[in-house]
Each structure stands twice: as C-alpha cells, then as structure tokens.
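User: Please take one part of this model and walk me through it closely, as a connected account. I'd like the cut-offs spelled out as you go.

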Amino acid sequence: MNKITLSTLKKLKSSGEKFTCLTAYDASFAIAQENAGIEVILVGDSLGMVVKGQACTLSVSMDEMVYHTANVSRVCQKSLIMSDLPFASDITKEQAYSNSARLISEGGAHMVKIEGGAAMLETVSFLAQRGVAVCSHLGLLPQSVYKMGGYRIQGRTPEEAEIILNDAIALEKAGADILLLECVPAELAARITSSVSIPVIGIGAGVDCDAQVLVCYDMLGLTNGEPARFVKNFLAETDSIQDAFKAYVEQVKNSQFPNLRHTFN
Ligand code: KIV
C-alpha cells in the first residue's frame, strides 16, 4: 500500500472502490490495522468509552487526544491518520484552529474530524482556508448525546433527512474533505454519497457509502454490553486479530459488509 492521502481517497471514490477505516488509540492496534490495509485510522473520542470506561465521549480532553494520536502516528507509515476534535474544543473557530494545530503538530494527525452541520460551517471554512484537512461528522453526533436524547438513528423523517442532506452539501462547499455519517437510514446515506463529490464514510449508514468505519474493539467482539445493530464481530470468523482486520477490509471492499442486518431503514 502506498501512502494514503486525500487524493487517494478521492480517486477511490471516483473509481467506485470502497475504502476502510477503523479506530485505533495505540501503536499496536494501529500498526496491525495498517498492515491489514486499512486506509484511514481514526483516533476517535470514542476512547472516552472504550479506553477510559466512561458512559460517553464528553470527558475526553485535548491532552488525551494528542497523547493517543501521537501513539498511533508514531508507528504508521502509510495509513491516513484522522483525529477527533473532542467536546468543547471547537467553541470558536479560532479555538478549533489552535486545537487542530495541536492534533497535527504534536499528535501527527493528517486531518481532524469535527462534529456538526450548519452550526459548524464557518469553523470548517476557517480551518479549510488555513490548510487544515477536515472530516465533518453528521447524523448521530455522540458529543450531542444529551441534546439528542440518546444514541438514536437520525434522519428518519423527510424533514430531518433534508436537513442532513443540505448540511452535507453545504459542508462540502465550505471546504470539508470527507464526510462521516453515523446512524442514518441507508437510503439517505446513499443519496448523500451520490450528491457530494467528497468521500463519505459510514457507520450504521448502509453499504452505499464510499467507505466504512467501526470502533476496533467492537469489531473484535469486545463491546461492553449489547453491540449496536451495525456492529459485526469479525474475530468470530477468524483465528487472529490480524486476520479479523483483513476480513473487514475484504468484506468492505466487496460490499459484503455491511449487509441488511447491520443497516437501518
Ligand atoms: O469517536 C469515534 O470513534 C467515532 C466513530 C464512532 C465514527 O467518531
């Protein structure tokens, strides 16, 4: 695998080849994922739950994001490293810029992920104009879990679906390089994916997105409690973590994963 850049991902979208993303928070998982051919490694603020044992992502700090991002980027040579701007690290566009700079210069991230639609347009545009590569996260926004009333599917009514679609189009215009759609009906995700020219990564968003992401512990069967509908345990079908990562790559690339069992209508 050659070094993955945004142009690689855009070319994959144009050619119709799916790509893969998994979360990692440390060097050992990151290098195993890179060796399995995972194109994008996400240092997600899901670390608040799967590493710190919290009920949600809201307690994750900038220092923690920088620490985990550096642990991942130190060993990776090829995968593109995306790192989350954690809760309240982007209250102003200037704050989002200085915190993105920390993730990039101290953490070694190649791009940042930022939650939110219309409310974040100005921030996304501010970052893009200053050379920061941005992934905009739409649909279920874990940092807004209390406002959203829990981890619920988004975009089920025509009005909600229209808002998410319009946000996606506006974010591309504002300069977002990638979109990440979490827990939206597959039909809406397919509409968004064909309406924007930037790559769309889905989680609980059906098979028609350009790429898929899962939390790595979930896809290894290490969920604390009942796994979400969109999760598949790839370790259950293989003999090693390395083979589970390879099976994930293969099944995303040939559109075997996600199937209808992992999809919302
Ligand atoms: O933080 C994270 O791991 C994420 C994924 C669930 C997409 O944002």
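Analyst: Happy to! Contact, or touching, here means heavy atoms within 4.5 Å. This is a predicted model, so local features need pLDDT of at least 70 and side-chain atom pairs count only at pLDDT 80 or more, while totals for chains, interfaces and linings use all residues. Residues are numbered from 1 along each chain as its sequence is written, and side-chain values use heavy atoms, with hydrogens and water left out.

Let's start from Ile 201. Not counting residues up to four places away in sequence, Ile 201 touches Phe 19, Cys 21, Met 82, Ile 178, Leu 179, Leu 180, Leu 181, Cys 209, Ala 211, Gln 212 and Val 213. Ile 201 is also one of the residues that touch the most other members of the largest nonpolar core, which has 86 residues; Leu 9, Leu 181, Leu 214, Phe 245 and Tyr 248 are the others. Such a core is a set of buried Ala, Val, Leu, Ile, Met, Phe, Trp, Tyr and Cys residues joined through side-chain atoms within 4.5 Å. Buried means under 20% relative accessible area, exposed over 50%, and partly exposed in between (1.4 Å probe, protein chains only). As background, nonpolar side chains tend to be buried together in soluble globular proteins.

Now for the strands around it. Helices (H or I, at least four residues) and strands (E, at least two) are DSSP runs, numbered from the N terminus. Eight strands close into a barrel with parallel pairing, in the order S1-S2-S3-S4-S5-S6-S7-S8, and the twist from one strand to the next averages 25°. Two strands pair if DSSP finds at least two bridges between them. Strands S6 (residues 178–182) and S7 (residues 200–203) are joined in the parallel sense over four bridges, and the bridge partner of Glu 182 in S7 is Ile 203. Helix H11 (residues 241–253) packs on the sheet, touching strand S1 (19–23) and S8, and its direction makes about 140° with that of S1. For that angle, axes are lines fitted to C-alpha atoms, for helices over the stretch in contact, and angles run from 0 to 180 degrees between N-to-C directions.

Gln 212 is buried, with a relative accessible area of 4%. Its contacts, leaving aside residues up to four places away in sequence, include Phe 19, Thr 20, Ile 201, Val 207, Tyr 248, Val 252 and Phe 257.

Val 207 takes us to the loop between S7 and S8. At 27% relative accessibility, Val 207 counts as partly exposed. Beyond four places in sequence, Val 207 touches Lys 18, Gln 212, Ser 255, Phe 257 and Pro 258. The C-alpha atoms of Val 207 and Val 252 are separated by 8.3 Å, although these residues are 45 apart along the chain.

S1 and S2 pair in the parallel sense over three bridges, with Ile 41 in S2 as the bridge partner of Leu 22. S2 is covered on both faces: Val 40 and Leu 42 on one side, and Ile 41 and Val 43 on the other, are all buried. Next along, S2 and S3 pair in the parallel sense over four bridges, and Val 40 has Leu 80 as its bridge partner in S3.
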